[in-house]
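Please keep the sequence and the 3D view at hand while reading.

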Amino acid sequence: MVKAVFLCCRCLKLSINILKTLGDGRRYMKTWPMVRQLGLYFPEYRVVRATQLAILVMPVLAVLASVSQLYTYGWDFLPQALTIALFFISLPLQGLLWLGWRARHPLPLSLFDWSNQLSAKLTAMGVHCQSLGAKACYLDMAQILKIAFERLDASYWEEL
């Protein structure tokens, strides 16, 4: 009995963790500045675009694939049709999971220094921007980048 309760609590903790990661991925996707110049340095640009497209298209493809399978082969193939639908629906979730994992991932020192320099430049311009702390992650850098792309002129980004 105790073992079953322990496993149930562990599964509950895991599912809460997954939901939190999905939420972080959604927040990171909305925070990341969608600028082509960043696509050369970070994979987030491509992952965010693909995930946004998948959120729109995959539910429709799931329904079409399942219905066409049922129409062609009949109700005997319901398990296969459901499997195909779940596969299509899981694709945007995979993108959100990756983005959530990446959002919590700590910054390497080179990006940490670059983000602090960018934050200092914004602060010197009079824009309220927090400098990164010791446990900075990619979500913190995305917030700084979003502010920077809104406030800095294009010549700064061409120097990159």
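Among contacts in the chain (heavy atoms within 4.5 Å) between residues at least 6 apart in sequence, 70% join residues at least 24 apart. This is a predicted model, in which local features need pLDDT of at least 70 and side-chain atom pairs count only at pLDDT 80 or more, while totals for chains, interfaces and linings use all residues. Residues are numbered from 1 along each chain as its sequence is written, and side-chain values use heavy atoms, with hydrogens and water left out.

**Overall make-up**

- The chain holds 7 helices and 0 strands, where helices (H or I, at least four residues) and strands (E, at least two) are DSSP runs numbered from the N terminus.
- Of the 160 residues of the chain, 36% count as buried, a term that stands for under 20% relative accessible area, with exposed over 50% and partly exposed in between (1.4 Å probe, protein chains only).

**Packing of H5 and H6**

- Helix H5 (residues 109-124) packs on helix H6 (residues 138-151) at an angle of about 40 degrees, the axes being 10 Å apart; axes are lines fitted to C-alpha atoms, for helices over the stretch in contact, and angles run from 0 to 180 degrees between N-to-C directions.
- The contact is made by residues including Leu111, Trp114, Ser119 and Leu122 of H5 and Tyr138, Met141, Ile144 and Ala148 of H6.
- By class, the residues of this contact of H5 with H6 divide into 10 nonpolar, 2 polar and 1 charged, with Ala, Val, Leu, Ile, Met, Phe, Trp, Tyr, Cys and Pro taken as nonpolar, Asp, Glu, Lys and Arg as charged, and the others, Gly among them, as polar.

**Serine 119**

- Serine 119 lies in helix H5 and counts as buried because its relative accessibility is 2%.
- Leaving aside neighbours within four places in sequence, serine 119 is in contact with Cys129, Gln130, Ser131 and Ile144.
- Serine 119 and alanine 148 are 29 residues apart in sequence, and their C-alpha atoms are 8.2 Å apart in space.

**Aromatic rings**

- There are 4 aromatic pairs, counted where rings of Phe, Tyr and Trp (its six-membered ring) have centres within 6.5 Å, with planes under 30 degrees apart called stacked, over 60 edge-to-face and the rest tilted.
- Tryptophan 32 and phenylalanine 42 form an edge-to-face pair, at 5.3 Å centre to centre and 80 degrees between the planes.
- Tryptophan 32 counts as buried at 2% relative accessibility, and phenylalanine 42 is buried with a relative accessible area of 4%.
- Ring pairs join Tyr28, Trp32 and Phe42 into a cluster.
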